[in-house]
Amino acid sequence: MAPSKSDDRVIIFDTTLRDAEQSPGASLTLRDKLEIGHQLARLRVDVIEAGFPISSNEDFEAVQRVGLEVEGPAICALARVVPRDIDRAGEALRDAPRPRIHTFVGTSEAHLARQMHKSGSEVLDMAVKAVTQARGYAEDVEFSPMDATRAEFSYLAEIVQAAIEAGASTINIPDTVGYTVPEQFADLIRRLRGEVPNIDRAVISVHCHDDLGMAVSNSLASLQAGARQVECTLNGLGERAGNASLEEVVMALKTRADYFGLRTEVVAREILSTSRLVSRLMGIAVAPNKAIVGANAFAHSSGIHQDGVLKSRDTFEIMDPTEVGWEATSIVLTARSGRHALRHRLEELGYELDAERLDEIYERFLELADKKKEVFDEDLMAIVEDEFREDEGGRFALEYLHTVSGTGTVPSATVRIRVDGEERVQQSAWGDGPVDATYEAINQVTNTRAKVEEYSIQAITGGSQAMGEVTVRVSDGDLKTTGRGTSTDIIEASARAYVDAINRLELRRGRQVRLDQKAPDRAH
Ligand code: KIV
Ligand code: ZN
(Lines give C-alpha, C1' and ligand atoms only; values in the text may rest on other atoms or scores of the structure.)
(Ligands and ions follow the chains in the order given, each with its own letter.)
Protein backbone atom coordinates (compact mmCIF):
# COMPACT_ATOMS: atom_id res chain seq x y z
CA MET A 1 0.00 0.00 0.00
CA ALA A 2 1.43 3.39 -0.96
CA PRO A 3 2.19 5.69 1.96
CA SER A 4 0.11 8.81 2.47
CA LYS A 5 1.55 12.23 1.80
CA SER A 6 2.08 12.91 5.46
CA ASP A 7 4.25 9.82 5.78
CA ASP A 8 8.01 10.39 5.97
CA ARG A 9 8.59 7.59 3.45
CA VAL A 10 9.43 8.54 -0.14
CA ILE A 11 8.56 6.10 -2.92
CA ILE A 12 11.42 5.61 -5.35
CA PHE A 13 10.10 5.00 -8.86
CA ASP A 14 12.95 3.98 -11.11
CA THR A 15 12.57 4.69 -14.81
CA THR A 16 16.04 3.61 -15.94
CA LEU A 17 14.52 0.89 -18.13
CA ARG A 18 12.09 3.31 -19.77
CA ASP A 19 13.13 7.00 -19.72
CA ALA A 20 16.89 6.29 -19.48
CA GLU A 21 16.56 3.76 -22.26
CA GLN A 22 15.41 6.70 -24.37
CA SER A 23 18.86 8.34 -23.88
CA PRO A 24 20.57 8.89 -27.20
CA GLY A 25 22.91 5.97 -27.82
CA ALA A 26 21.44 3.73 -25.12
CA SER A 27 19.69 0.54 -25.96
CA LEU A 28 19.31 -2.57 -23.91
CA THR A 29 18.67 -6.16 -24.86
CA LEU A 30 16.05 -8.21 -23.06
CA ARG A 31 18.81 -9.90 -21.09
CA ASP A 32 20.28 -6.53 -20.08
CA LYS A 33 16.87 -5.33 -18.92
CA LEU A 34 16.37 -8.41 -16.79
CA GLU A 35 19.82 -8.03 -15.28
CA ILE A 36 19.16 -4.38 -14.45
CA GLY A 37 15.69 -5.28 -13.17
CA HIS A 38 17.11 -7.82 -10.71
CA GLN A 39 19.73 -5.33 -9.56
CA LEU A 40 17.05 -2.65 -9.05
CA ALA A 41 15.22 -5.14 -6.85
CA ARG A 42 18.40 -5.63 -4.78
CA LEU A 43 18.65 -1.85 -4.57
CA ARG A 44 15.07 -2.00 -3.26
CA VAL A 45 13.44 0.63 -5.38
CA ASP A 46 9.65 0.62 -4.93
CA VAL A 47 8.57 0.74 -8.56
CA ILE A 48 10.38 -0.26 -11.76
CA GLU A 49 9.07 1.29 -14.94
CA ALA A 50 10.08 -1.54 -17.26
CA GLY A 51 9.09 -0.12 -20.64
CA PHE A 52 6.49 1.16 -23.06
CA PRO A 53 4.82 -2.01 -24.41
CA ILE A 54 3.06 -0.42 -27.40
CA SER A 55 6.36 0.96 -28.70
CA SER A 56 7.77 -2.41 -29.83
CA ASN A 57 7.49 -6.15 -29.36
CA GLU A 58 10.85 -6.06 -27.56
CA ASP A 59 9.51 -3.54 -25.04
CA PHE A 60 6.36 -5.61 -24.59
CA GLU A 61 8.42 -8.73 -23.88
CA ALA A 62 10.76 -6.85 -21.55
CA VAL A 63 7.84 -5.57 -19.45
CA GLN A 64 6.32 -9.03 -19.42
CA ARG A 65 9.54 -10.80 -18.36
CA VAL A 66 10.57 -8.18 -15.80
CA GLY A 67 7.03 -8.34 -14.39
CA LEU A 68 7.22 -12.10 -14.05
CA GLU A 69 10.81 -12.56 -12.97
CA VAL A 70 11.81 -9.57 -10.85
CA GLU A 71 10.52 -9.97 -7.33
CA GLY A 72 9.83 -7.17 -4.90
CA PRO A 73 9.10 -3.87 -6.62
CA ALA A 74 5.85 -3.04 -8.42
CA ILE A 75 6.42 -3.32 -12.17
CA CYS A 76 5.05 -0.51 -14.27
CA ALA A 77 4.23 -0.21 -17.98
CA LEU A 78 3.86 3.11 -19.77
CA ALA A 79 0.92 3.89 -22.06
CA ARG A 80 -0.46 6.94 -23.83
CA VAL A 81 -4.12 7.75 -23.12
CA VAL A 82 -5.00 5.60 -26.11
CA PRO A 83 -7.06 2.39 -25.83
CA ARG A 84 -4.62 0.15 -27.72
CA ASP A 85 -1.70 1.39 -25.57
CA ILE A 86 -3.60 0.57 -22.38
CA ASP A 87 -4.54 -2.88 -23.69
CA ARG A 88 -0.95 -3.61 -24.63
CA ALA A 89 0.32 -2.45 -21.21
CA GLY A 90 -2.38 -4.50 -19.48
CA GLU A 91 -1.50 -7.61 -21.50
CA ALA A 92 2.22 -7.23 -20.80
CA LEU A 93 1.50 -7.07 -17.08
CA ARG A 94 -1.21 -9.75 -17.04
CA ASP A 95 0.76 -12.23 -14.91
CA ALA A 96 2.86 -9.76 -12.93
CA PRO A 97 2.14 -10.01 -9.20
CA ARG A 98 2.32 -6.22 -8.66
CA PRO A 99 1.33 -4.44 -11.89
CA ARG A 100 1.09 -0.70 -12.36
CA ILE A 101 -0.09 1.09 -15.49
CA HIS A 102 1.24 4.59 -16.05
CA THR A 103 -0.75 6.59 -18.55
CA PHE A 104 0.16 10.06 -19.75
CA VAL A 105 -0.91 12.88 -22.02
CA GLY A 106 0.38 16.36 -22.82
CA THR A 107 -1.40 19.18 -20.96
CA SER A 108 0.44 22.39 -21.86
CA GLU A 109 -0.77 24.71 -24.61
CA ALA A 110 2.20 23.64 -26.76
CA HIS A 111 1.17 20.00 -26.50
CA LEU A 112 -2.59 20.43 -26.75
CA ALA A 113 -2.75 22.91 -29.59
CA ARG A 114 0.47 22.43 -31.48
CA GLN A 115 1.28 18.76 -31.10
CA MET A 116 -2.05 16.98 -30.65
CA HIS A 117 -4.37 19.58 -32.18
CA LYS A 118 -6.97 18.79 -29.53
CA SER A 119 -8.94 20.85 -27.07
CA GLY A 120 -8.41 20.62 -23.32
CA SER A 121 -11.77 18.94 -22.80
CA GLU A 122 -11.08 16.32 -25.48
CA VAL A 123 -7.78 15.45 -23.81
CA LEU A 124 -9.39 15.41 -20.37
CA ASP A 125 -11.96 12.99 -21.68
CA MET A 126 -9.26 10.73 -23.15
CA ALA A 127 -7.37 10.78 -19.84
CA VAL A 128 -10.45 9.78 -17.85
CA LYS A 129 -11.22 6.94 -20.27
CA ALA A 130 -7.63 5.74 -20.20
CA VAL A 131 -7.47 5.66 -16.41
CA THR A 132 -10.82 3.84 -16.27
CA GLN A 133 -9.64 1.31 -18.86
CA ALA A 134 -6.32 0.85 -17.04
CA ARG A 135 -8.17 0.14 -13.80
CA GLY A 136 -9.67 -2.85 -15.61
CA TYR A 137 -6.14 -4.32 -15.73
CA ALA A 138 -4.58 -3.05 -12.50
CA GLU A 139 -5.58 -1.50 -9.21
CA ASP A 140 -2.45 0.57 -9.26
CA VAL A 141 -2.81 3.27 -11.93
CA GLU A 142 -0.64 6.35 -12.32
CA PHE A 143 -1.60 9.37 -14.39
CA SER A 144 0.85 11.97 -15.75
CA PRO A 145 -0.26 15.31 -17.18
CA MET A 146 2.82 15.69 -19.37
CA ASP A 147 4.55 19.10 -19.47
CA ALA A 148 2.63 20.00 -16.30
CA THR A 149 5.04 22.78 -15.35
CA ARG A 150 4.11 24.73 -18.50
CA ALA A 151 0.41 23.92 -18.36
CA GLU A 152 -2.34 26.35 -17.36
CA PHE A 153 -2.84 25.76 -13.63
CA SER A 154 -6.64 25.62 -13.71
CA TYR A 155 -6.58 23.01 -16.49
CA LEU A 156 -3.89 21.01 -14.70
CA ALA A 157 -5.95 20.98 -11.49
CA GLU A 158 -9.04 19.96 -13.45
CA ILE A 159 -7.41 17.03 -15.25
CA VAL A 160 -5.69 15.84 -12.05
CA GLN A 161 -9.02 15.86 -10.20
CA ALA A 162 -10.72 13.97 -13.04
CA ALA A 163 -7.95 11.34 -13.19
CA ILE A 164 -8.20 10.70 -9.45
CA GLU A 165 -11.96 10.49 -9.76
CA ALA A 166 -11.51 7.88 -12.51
CA GLY A 167 -9.28 5.77 -10.25
CA ALA A 168 -5.66 6.97 -10.48
CA SER A 169 -3.89 6.39 -7.16
CA THR A 170 -0.70 8.20 -8.15
CA ILE A 171 -0.62 11.60 -9.83
CA ASN A 172 2.74 12.29 -11.38
CA ILE A 173 3.64 15.91 -12.12
CA PRO A 174 6.26 15.91 -14.87
CA ASP A 175 8.63 18.76 -15.54
CA THR A 176 8.98 17.25 -18.98
CA VAL A 177 11.29 19.87 -20.44
CA GLY A 178 13.29 20.71 -17.30
CA TYR A 179 11.85 24.23 -17.22
CA THR A 180 10.83 24.82 -13.62
CA VAL A 181 12.92 26.03 -10.68
CA PRO A 182 12.74 24.62 -7.14
CA GLU A 183 10.60 27.26 -5.41
CA GLN A 184 8.20 27.49 -8.28
CA PHE A 185 7.86 23.72 -8.47
CA ALA A 186 7.29 23.44 -4.72
CA ASP A 187 4.56 26.13 -5.05
CA LEU A 188 2.91 24.16 -7.83
CA ILE A 189 2.77 21.04 -5.66
CA ARG A 190 1.43 23.05 -2.71
CA ARG A 191 -1.22 24.64 -4.91
CA LEU A 192 -2.34 21.27 -6.25
CA ARG A 193 -2.57 19.96 -2.72
CA GLY A 194 -4.55 23.00 -1.68
CA GLU A 195 -6.86 23.31 -4.66
CA VAL A 196 -7.62 19.82 -5.97
CA PRO A 197 -10.43 18.61 -3.70
CA ASN A 198 -9.72 14.86 -3.97
CA ILE A 199 -5.91 15.09 -3.99
CA ASP A 200 -5.64 13.21 -0.69
CA ARG A 201 -6.75 10.07 -2.47
CA ALA A 202 -3.55 9.95 -4.49
CA VAL A 203 0.16 10.01 -3.91
CA ILE A 204 1.79 12.98 -5.59
CA SER A 205 4.77 11.99 -7.68
CA VAL A 206 7.28 14.13 -9.57
CA HIS A 207 9.27 13.45 -12.72
CA CYS A 208 11.92 16.08 -13.38
CA HIS A 209 14.19 16.46 -16.37
CA ASP A 210 17.60 18.05 -16.11
CA ASP A 211 17.71 20.50 -19.01
CA LEU A 212 18.76 23.33 -16.69
CA GLY A 213 20.58 21.06 -14.24
CA MET A 214 17.84 21.35 -11.60
CA ALA A 215 16.14 17.95 -11.76
CA VAL A 216 17.37 16.81 -8.35
CA SER A 217 16.78 20.19 -6.67
CA ASN A 218 13.29 20.37 -8.14
CA SER A 219 12.51 16.83 -6.96
CA LEU A 220 13.74 17.57 -3.45
CA ALA A 221 11.81 20.85 -3.28
CA SER A 222 8.63 19.02 -4.30
CA LEU A 223 9.11 16.53 -1.45
CA GLN A 224 9.22 19.41 0.99
CA ALA A 225 5.93 20.56 -0.48
CA GLY A 226 4.28 17.18 0.04
CA ALA A 227 5.14 15.00 -2.96
CA ARG A 228 5.96 11.45 -1.87
CA GLN A 229 7.14 9.70 -5.01
CA VAL A 230 10.20 10.64 -7.05
CA GLU A 231 10.75 9.31 -10.54
CA CYS A 232 14.43 8.99 -11.22
CA THR A 233 17.14 7.02 -13.01
CA LEU A 234 20.57 5.68 -12.26
CA ASN A 235 23.38 8.03 -13.27
CA GLY A 236 20.70 10.64 -14.10
CA LEU A 237 20.28 9.13 -17.55
CA GLY A 238 17.22 9.87 -19.61
CA GLU A 239 15.76 11.77 -22.52
CA ARG A 240 18.05 14.69 -23.55
CA ALA A 241 19.91 15.97 -20.44
CA GLY A 242 18.40 13.16 -18.41
CA ASN A 243 16.21 12.70 -15.36
CA ALA A 244 16.75 13.31 -11.67
CA SER A 245 19.53 11.01 -10.57
CA LEU A 246 18.37 8.28 -8.20
CA GLU A 247 21.63 8.17 -6.28
CA GLU A 248 21.62 11.93 -5.70
CA VAL A 249 18.00 12.05 -4.53
CA VAL A 250 18.44 9.06 -2.22
CA MET A 251 21.72 10.23 -0.73
CA ALA A 252 20.49 13.81 -0.30
CA LEU A 253 17.55 12.48 1.72
CA LYS A 254 19.83 10.19 3.73
CA THR A 255 22.69 12.60 4.32
CA ARG A 256 20.39 15.55 5.06
CA ALA A 257 17.73 13.63 6.99
CA ASP A 258 18.15 16.38 9.60
CA TYR A 259 16.76 18.84 7.05
CA PHE A 260 14.27 16.82 5.01
CA GLY A 261 13.06 14.41 7.70
CA LEU A 262 12.30 11.87 4.96
CA ARG A 263 13.54 8.39 4.14
CA THR A 264 13.55 5.80 1.36
CA GLU A 265 13.84 2.02 1.46
CA VAL A 266 16.79 2.03 -0.96
CA VAL A 267 19.78 -0.10 0.10
CA ALA A 268 22.45 2.53 -0.37
CA ARG A 269 25.42 0.16 -0.52
CA GLU A 270 23.98 -1.27 -3.79
CA ILE A 271 24.11 2.14 -5.46
CA LEU A 272 27.60 1.95 -6.93
CA SER A 273 27.22 -1.53 -8.38
CA THR A 274 23.85 -0.60 -9.89
CA SER A 275 25.32 2.54 -11.40
CA ARG A 276 28.20 0.58 -12.90
CA LEU A 277 25.93 -2.11 -14.28
CA VAL A 278 23.72 0.49 -15.97
CA SER A 279 26.73 2.34 -17.35
CA ARG A 280 28.27 -0.86 -18.71
CA LEU A 281 25.10 -2.26 -20.27
CA MET A 282 23.98 1.06 -21.75
CA GLY A 283 27.50 1.89 -22.91
CA ILE A 284 27.32 5.36 -21.35
CA ALA A 285 30.27 6.27 -19.17
CA VAL A 286 29.74 8.04 -15.85
CA ALA A 287 31.51 11.42 -15.70
CA PRO A 288 34.39 11.28 -13.18
CA ASN A 289 32.99 14.23 -11.24
CA LYS A 290 29.44 12.79 -11.07
CA ALA A 291 28.12 13.03 -7.50
CA ILE A 292 28.08 9.76 -5.52
CA VAL A 293 29.08 7.40 -8.35
CA GLY A 294 31.76 9.28 -10.34
CA ALA A 295 35.34 8.03 -10.02
CA ASN A 296 36.33 11.25 -8.27
CA ALA A 297 33.30 11.52 -5.98
CA PHE A 298 35.35 10.43 -2.97
CA ALA A 299 38.86 11.08 -4.30
CA HIS A 300 40.92 13.76 -2.62
CA SER A 301 43.69 15.36 -4.57
CA SER A 302 44.70 18.60 -2.85
CA GLY A 303 47.37 18.29 -0.15
CA ILE A 304 45.29 20.17 2.43
CA HIS A 305 42.23 18.01 1.78
CA GLN A 306 44.29 14.82 1.94
CA ASP A 307 45.84 15.85 5.23
CA GLY A 308 42.36 16.72 6.55
CA VAL A 309 40.58 13.48 5.62
CA LEU A 310 43.48 11.39 6.91
CA LYS A 311 43.21 13.14 10.28
CA SER A 312 39.44 13.08 10.36
CA ARG A 313 37.25 12.07 7.41
CA ASP A 314 34.53 14.61 8.21
CA THR A 315 36.88 17.51 7.45
CA PHE A 316 36.24 17.14 3.73
CA GLU A 317 33.65 14.37 3.39
CA ILE A 318 29.94 14.49 4.13
CA MET A 319 29.23 10.84 3.30
CA ASP A 320 31.04 7.64 4.03
CA PRO A 321 31.98 6.21 0.62
CA THR A 322 31.47 2.65 1.90
CA GLU A 323 27.83 3.53 2.56
CA VAL A 324 27.17 3.66 -1.21
CA GLY A 325 29.40 0.74 -2.15
CA TRP A 326 32.85 2.27 -2.59
CA GLU A 327 35.69 0.50 -0.86
CA ALA A 328 37.06 3.59 0.82
CA THR A 329 37.97 7.22 0.46
CA SER A 330 40.58 7.51 -2.22
CA ILE A 331 43.66 9.62 -1.84
CA VAL A 332 44.90 10.48 -5.29
CA LEU A 333 48.65 10.92 -5.15
CA THR A 334 49.70 13.84 -7.30
CA ALA A 335 52.35 16.55 -7.15
CA ARG A 336 50.09 18.34 -4.65
CA SER A 337 50.16 15.49 -2.15
CA GLY A 338 52.10 15.93 1.05
CA ARG A 339 54.28 13.52 3.05
CA HIS A 340 51.33 12.61 5.25
CA ALA A 341 49.33 11.27 2.31
CA LEU A 342 52.35 9.48 0.92
CA ARG A 343 53.18 7.83 4.25
CA HIS A 344 49.55 6.79 4.70
CA ARG A 345 49.43 5.16 1.27
CA LEU A 346 52.77 3.44 1.79
CA GLU A 347 51.54 2.08 5.11
CA GLU A 348 48.44 0.74 3.40
CA LEU A 349 50.75 -0.97 0.94
CA GLY A 350 52.64 -2.51 3.85
CA TYR A 351 55.71 -0.27 4.06
CA GLU A 352 56.63 1.15 7.46
CA LEU A 353 59.29 3.79 6.83
CA ASP A 354 61.40 5.95 9.10
CA ALA A 355 61.47 9.71 8.53
CA GLU A 356 64.75 9.67 6.62
CA ARG A 357 63.64 6.95 4.24
CA LEU A 358 60.29 8.67 3.78
CA ASP A 359 62.10 11.88 2.81
CA GLU A 360 64.10 10.04 0.17
CA ILE A 361 61.05 8.35 -1.23
CA TYR A 362 59.10 11.59 -1.11
CA GLU A 363 61.76 13.28 -3.25
CA ARG A 364 61.54 10.55 -5.85
CA PHE A 365 57.76 10.56 -5.63
CA LEU A 366 57.70 14.33 -6.37
CA GLU A 367 60.03 13.89 -9.32
CA LEU A 368 57.69 11.30 -10.73
CA ALA A 369 54.53 13.25 -9.86
CA ASP A 370 55.90 16.26 -11.75
CA LYS A 371 56.05 14.10 -14.85
CA LYS A 372 52.86 12.09 -14.33
CA LYS A 373 49.41 13.38 -13.43
CA GLU A 374 48.75 10.61 -10.94
CA VAL A 375 51.11 8.30 -9.15
CA PHE A 376 49.68 4.79 -8.84
CA ASP A 377 50.38 2.10 -6.25
CA GLU A 378 52.57 0.19 -8.72
CA ASP A 379 54.70 3.31 -9.25
CA LEU A 380 55.10 3.76 -5.51
CA MET A 381 56.00 0.15 -4.95
CA ALA A 382 58.60 0.36 -7.69
CA ILE A 383 60.17 3.44 -6.07
CA VAL A 384 60.26 1.84 -2.63
CA GLU A 385 61.63 -1.46 -3.87
CA ASP A 386 64.25 0.45 -5.79
CA GLU A 387 65.26 2.37 -2.67
CA PHE A 388 65.46 -0.84 -0.65
CA ARG A 389 67.50 -2.52 -3.34
CA GLU A 390 69.97 0.36 -3.43
CA ASP A 391 70.17 0.17 0.30
CA GLU A 392 70.78 -3.55 0.44
CA GLY A 393 73.24 -3.41 -2.45
CA GLY A 394 75.44 -1.06 -0.61
CA ARG A 395 78.69 -0.12 -2.32
CA PHE A 396 77.58 1.95 -5.30
CA ALA A 397 74.75 4.46 -5.60
CA LEU A 398 73.89 6.34 -8.76
CA GLU A 399 73.76 10.08 -8.12
CA TYR A 400 73.90 11.72 -11.50
CA LEU A 401 73.45 10.67 -15.09
CA HIS A 402 73.65 12.64 -18.29
CA THR A 403 73.45 11.08 -21.71
CA VAL A 404 73.69 12.44 -25.21
CA SER A 405 72.29 10.54 -28.15
CA GLY A 406 70.52 11.14 -31.42
CA THR A 407 70.88 10.69 -35.15
CA GLY A 408 74.40 11.56 -36.28
CA THR A 409 75.66 11.86 -32.69
CA VAL A 410 78.11 9.55 -30.96
CA PRO A 411 76.17 8.36 -27.92
CA SER A 412 77.92 9.31 -24.70
CA ALA A 413 77.18 9.22 -20.99
CA THR A 414 78.49 10.84 -17.84
CA VAL A 415 77.75 9.17 -14.52
CA ARG A 416 78.52 10.17 -10.98
CA ILE A 417 78.43 7.38 -8.44
CA ARG A 418 78.78 7.49 -4.71
CA VAL A 419 81.16 4.76 -3.56
CA ASP A 420 80.89 3.26 -0.08
CA GLY A 421 78.60 6.09 0.98
CA GLU A 422 81.38 8.69 0.82
CA GLU A 423 83.53 9.20 -2.22
CA ARG A 424 81.92 10.46 -5.40
CA VAL A 425 83.45 9.30 -8.67
CA GLN A 426 82.52 10.65 -12.07
CA GLN A 427 83.27 9.15 -15.48
CA SER A 428 82.26 9.68 -19.07
CA ALA A 429 82.23 7.12 -21.84
CA TRP A 430 80.79 6.55 -25.27
CA GLY A 431 79.09 3.48 -26.68
CA ASP A 432 76.78 2.03 -29.31
CA GLY A 433 73.80 3.73 -27.76
CA PRO A 434 72.99 5.71 -24.62
CA VAL A 435 72.53 2.55 -22.52
CA ASP A 436 75.78 1.04 -23.73
CA ALA A 437 77.61 4.35 -23.05
CA THR A 438 76.07 4.51 -19.57
CA TYR A 439 77.09 0.94 -18.78
CA GLU A 440 80.61 1.63 -19.97
CA ALA A 441 80.88 4.70 -17.73
CA ILE A 442 79.54 2.67 -14.76
CA ASN A 443 82.07 -0.09 -15.50
CA GLN A 444 84.86 2.46 -15.32
CA VAL A 445 83.69 3.91 -11.99
CA THR A 446 83.02 0.55 -10.37
CA ASN A 447 86.04 -1.10 -11.94
CA THR A 448 84.04 -4.11 -13.12
CA ARG A 449 83.94 -5.90 -16.40
CA ALA A 450 80.52 -7.43 -15.96
CA LYS A 451 78.93 -8.83 -19.08
CA VAL A 452 75.31 -8.06 -19.87
CA GLU A 453 73.62 -11.40 -20.63
CA GLU A 454 70.05 -10.20 -20.88
CA TYR A 455 68.31 -6.85 -20.83
CA SER A 456 64.57 -6.23 -20.73
CA ILE A 457 62.32 -3.25 -20.19
CA GLN A 458 58.70 -3.16 -19.15
CA ALA A 459 56.18 -0.35 -18.58
CA ILE A 460 54.80 -0.55 -15.04
CA THR A 461 51.79 1.71 -15.48
CA GLY A 462 50.06 2.99 -18.60
CA GLY A 463 50.68 6.12 -20.65
CA SER A 464 53.76 7.63 -22.24
CA GLN A 465 54.95 8.85 -18.82
CA ALA A 466 54.74 5.34 -17.38
CA MET A 467 57.42 4.09 -15.06
CA GLY A 468 59.78 1.78 -16.92
CA GLU A 469 61.30 -1.15 -15.10
CA VAL A 470 64.56 -2.49 -16.46
CA THR A 471 65.82 -5.94 -15.57
CA VAL A 472 69.38 -6.76 -16.46
CA ARG A 473 71.13 -10.13 -16.05
CA VAL A 474 74.89 -9.84 -15.77
CA SER A 475 77.75 -12.24 -15.32
CA ASP A 476 81.31 -11.85 -14.18
CA GLY A 477 83.23 -15.09 -14.48
CA ASP A 478 81.24 -17.69 -12.57
CA LEU A 479 79.13 -15.12 -10.83
CA LYS A 480 75.74 -14.29 -12.26
CA THR A 481 73.10 -11.96 -10.94
CA THR A 482 70.09 -9.83 -11.86
CA GLY A 483 69.53 -6.17 -11.15
CA ARG A 484 66.40 -4.04 -11.43
CA GLY A 485 65.83 -0.34 -11.72
CA THR A 486 62.82 1.89 -12.30
CA SER A 487 62.31 5.40 -13.55
CA THR A 488 60.16 7.29 -16.01
CA ASP A 489 63.44 7.78 -17.89
CA ILE A 490 64.36 4.43 -19.36
CA ILE A 491 68.10 5.25 -19.56
CA GLU A 492 68.05 6.10 -15.86
CA ALA A 493 66.12 2.89 -15.15
CA SER A 494 68.79 1.01 -17.13
CA ALA A 495 71.58 2.66 -15.12
CA ARG A 496 69.86 1.89 -11.81
CA ALA A 497 69.36 -1.73 -12.84
CA TYR A 498 73.01 -2.09 -13.80
CA VAL A 499 74.29 -0.47 -10.59
CA ASP A 500 71.97 -2.79 -8.65
CA ALA A 501 73.40 -5.80 -10.47
CA ILE A 502 76.98 -4.69 -9.82
CA ASN A 503 76.23 -4.21 -6.13
CA ARG A 504 74.87 -7.74 -6.00
CA LEU A 505 77.95 -9.06 -7.75
CA GLU A 506 80.09 -7.21 -5.21
CA LEU A 507 78.16 -8.75 -2.35
CA ARG A 508 78.60 -12.23 -3.76
CA ARG A 509 82.24 -11.64 -4.43
CA GLY A 510 82.67 -10.49 -0.83
CA ARG A 511 80.98 -13.62 0.42
CA GLN A 512 83.13 -15.74 -1.85
CA VAL A 513 86.28 -14.08 -0.55
CA ARG A 514 85.18 -14.71 3.03
CA LEU A 515 84.44 -18.36 2.24
CA ASP A 516 87.82 -18.75 0.50
CA GLN A 517 89.55 -17.29 3.54
CA LYS A 518 87.67 -19.59 5.90
CA ALA A 519 88.34 -22.73 3.92
CA PRO A 520 91.75 -23.58 5.48
CA ASP A 521 90.24 -23.32 8.98
CA ARG A 522 87.51 -25.74 8.09
CA ALA A 523 90.15 -28.18 6.72
CA HIS A 524 91.71 -28.48 10.19
O1 KIV B 1 9.10 13.44 -19.22
C2 KIV B 1 7.92 13.06 -19.19
O3 KIV B 1 6.99 13.85 -19.12
C4 KIV B 1 7.69 11.63 -19.24
C5 KIV B 1 6.28 11.19 -19.06
C6 KIV B 1 5.98 9.95 -19.81
C7 KIV B 1 6.01 11.05 -17.60
O8 KIV B 1 8.60 10.86 -19.36
ZN1 ZN C 1 10.51 11.83 -18.85
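User: Is R191 buried, partly exposed or exposed?
Analyst: In this predicted model, R191 counts as partly exposed because its relative accessibility is 41%, a value that falls between the 20% and 50% limits used for that class.

User: And what does R191 pair with in a salt bridge?
Analyst: R191 forms a salt bridge with E195, and the closest N and O atoms of the two are 3.3 Å apart. Both residues belong to helix 7, which covers residues 182–195, and they sit four residues apart, about one turn of the helix. E195 also counts as partly exposed, because its relative accessibility is 47%.

User: Which residues are joined into one network by salt bridges that share partners?
Analyst: That network is made of D8, R9, D46, R263 and E265.

User: How many salt bridges does a search of the whole structure find?
Analyst: The search of the whole structure gives 39 salt bridges. One of them brings together the side chains of R263 and D8, at 3.2 Å from N to O. That pair links distant parts of the chain, with R263 in the loop between helix 10 (257–260) and helix 11 and D8 in the segment before strand 1 (11–14), 255 residues apart. R263 has a relative accessibility of 37% and so counts as partly exposed, and D8, with a relative accessible area of 32%, is partly exposed as well.

User: What about D59, which residue does it form a salt bridge with?
Analyst: D59 forms a salt bridge with K33, where the closest N and O atoms are 3.0 Å apart. D59 lies in helix 2 (residues 57–69) and K33 in helix 1, so this pair ties together parts that are 26 residues apart in sequence. Both D59 and K33 are buried.

User: Switching to the inside: which residues touch the most other members of the largest nonpolar core?
Analyst: The largest nonpolar core has 98 residues, and F143, I171, I173 and I271 are the ones that touch the most other members. Helix 6 (residues 153–166) supplies the largest share of this core, with ten residues. There is also a second, separate core of 23 residues, which includes A441, L479, A495 and I502. As a general point, nonpolar side chains tend to be buried together in soluble globular proteins.

User: What is F143 in contact with, leaving aside its neighbours within four places in sequence?
Analyst: With those neighbours set aside, the contacts of F143 include V81, V105, A127, I159, T170 and I171.

User: Where is S144, and is it buried or exposed?
Analyst: S144 is in strand 5, residues 140–146, and it counts as buried because its relative accessibility is 3%. The side chain of S144 is joined to that of H102 by a polar contact of 2.6 Å, and it makes another polar contact, of 2.9 Å, with the side chain of N172.

User: Backbone next. Which way does phi go at R44, positive or negative?
Analyst: Phi of R44 is positive, near 60 degrees, in a residue other than glycine. R44 lies in the loop between helix 1 (30–43) and strand 2 (47–51). I292, which is not a glycine either, has a positive phi of about 70 degrees, and it lies in the loop between helix 11 (271–282) and strand 9 (299–300).

User: Are R44 and I292 buried or partly exposed?
Analyst: R44 counts as partly exposed, because its relative accessibility is 47%, whereas I292 counts as buried, because its relative accessibility is 6%.

User: Last one, which residues make the nonpolar surface patch?
Analyst: V452, Y455, I457 and I490 make a nonpolar surface patch of about 320 Å², and its largest share, three residues, comes from strand 14 (residues 451–459).

Notes:
Residues are numbered from 1 along each chain as its sequence is written. Chains are lettered from A and ligands numbered from 1 in the order in which they are written. This is a predicted model: local features need pLDDT of at least 70, side-chain atom pairs count only at pLDDT 80 or more; totals for chains, interfaces and linings use all residues. Side-chain values use heavy atoms; hydrogens and water are left out. Patches are made of residues with over 30% relative accessible area and no salt bridge: like charges are joined within 9 Å, nonpolar side chains (Val, Leu, Ile, Met, Phe, Trp, Tyr) within 5 Å. Accessible areas come from the Shrake-Rupley method with a 1.4 Å probe; for residues, only the protein chains shown count as cover. A salt bridge is a side-chain nitrogen of Lys or Arg within 4 Å of a carboxyl oxygen of Asp or Glu. Helices (H or I, at least four residues) and strands (E, at least two) are DSSP runs, numbered from the N terminus. Buried means under 20% relative accessible area, exposed over 50%, partly exposed in between (1.4 Å probe, protein chains only). A polar contact is a pair of N or O atoms within 3.5 Å; within protein, one must be able to donate a hydrogen and the other to accept it, and residues adjacent in sequence count only if both atoms are side-chain atoms. A nonpolar core is a set of buried Ala, Val, Leu, Ile, Met, Phe, Trp, Tyr and Cys residues joined through side-chain atoms within 4.5 Å. Contact means heavy atoms within 4.5 Å.
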